[in-house]
Amino acid sequence: MNILVTGANGQLGNEMRIISKETGYNFLFTDVVEVEGMETTLLDIADAKAVEDMVQEHRIDCIVNCAAYTNVDKAESDKELCRKLNATAPHILAEAMKKSGGLLIQISTDYVFGGDPYNTPCREDQKGTPTGVYGLTKLEGEENIKATGCKYVIIRTAWLYSEFGKNFVKTMLNLTATKPQLNVVFDQTGTPTYAYDLAVAIKTVLDDYVTEQSQSEYSKTGIYHFSNEGVCSWYDFTKVIAELAGNTHCNIQPCHSDEFPSPVKRPAYSVLDKTKIKEAFGIRIPYWTDSLKVCIEHLTKNN
């Protein structure tokens, strides 16, 4: 099976590079920029002709779209580019897969929720109520994919981190190591997700798809949720990061979201219900602190 991965130099894309070595599939890793030492094919996913040409040339059976505009605050003033990457580009990828009969695996977000007060984990069939441009455009991307009629698996995830790129874990490792005191919001609740675990889940979907590849329809087309197991606030998350790293001298205090002014209101509760993906694909999901420990061990070893 030939698989095209977009956003290959990002957090999830880099984890897909690692996962690819455990498969017998042919992977084509694409991005809009090249990184020294990383084999990358340049591709603008907002260019319909470029996407179609690459799909045809490499006989792509599946696209894993790890590319997105993810700067939540900046999205409020950069709406055009955000919509282009999060809504238009997924539609282009979906059209290419519709034409070739392939599968699109799209990564979406917990930010499609947040406008209504929730206190139970969000299900896949729950109405999207995004509070900002980022969540709105990601939800538009989902709808655009569904409208094409292609085979798709949309995976909503949350609070993604890894050893690669910029993320909350790496930021807090640095801050708790260098600051005597830190204030972190405690009124936003969700679940951290180790990008490697998400990549493993994507591989499971790919393996499952191979068994049905000859069929015109994929029986598991739909929207799924994936994050690690458990629930915490950003404050709790930071406390565990510091503890695992041995940064115990930093005085970490809880604070309210409004103490950090932002152009967008973030979801207060965006815990995802993962029952569907576990039952459909037989996936066992690690607890968030277990995966965080693995990531920090890797970061410490590499440094």
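Here is a short walk through the nonpolar core of this structure and the helices around it. The model is predicted, so to speak of local features we need pLDDT of at least 70, and side-chain atom pairs count only at pLDDT 80 or more, while totals for chains, interfaces and linings use all residues. Residues are numbered from 1 along each chain as its sequence is written, and side-chain values use heavy atoms, leaving out hydrogens and water.

Let's start inside. A nonpolar core here is a set of buried Ala, Val, Leu, Ile, Met, Phe, Trp, Tyr and Cys residues joined through side-chain atoms within 4.5 Å; buried means under 20% relative accessible area (1.4 Å probe, protein chains only). The largest one has 33 residues, and Tyr161, Val169, Phe237, Ile241 and Leu292 have the most contacts inside it. Helix 7 (234–245) is among the elements that give it two or more residues, and the largest share, six residues, comes from this helix. Helices (H or I, at least four residues) and strands (E, at least two) are DSSP runs, numbered from the N terminus.

Now look along helix 7. Its buried residues are Trp234, Tyr235, Phe237, Thr238, Val240, Ile241 and Ala242. Their cover includes helix 5, helix 9 and strand 13. Just past the end of helix 7, Gly246 takes a positive phi of about 80°.

Conventions. Buried < 20%, exposed > 50% of the residue type's maximum accessible area, 1.4 Å probe, protein only. Contact = heavy atoms within 4.5 Å.
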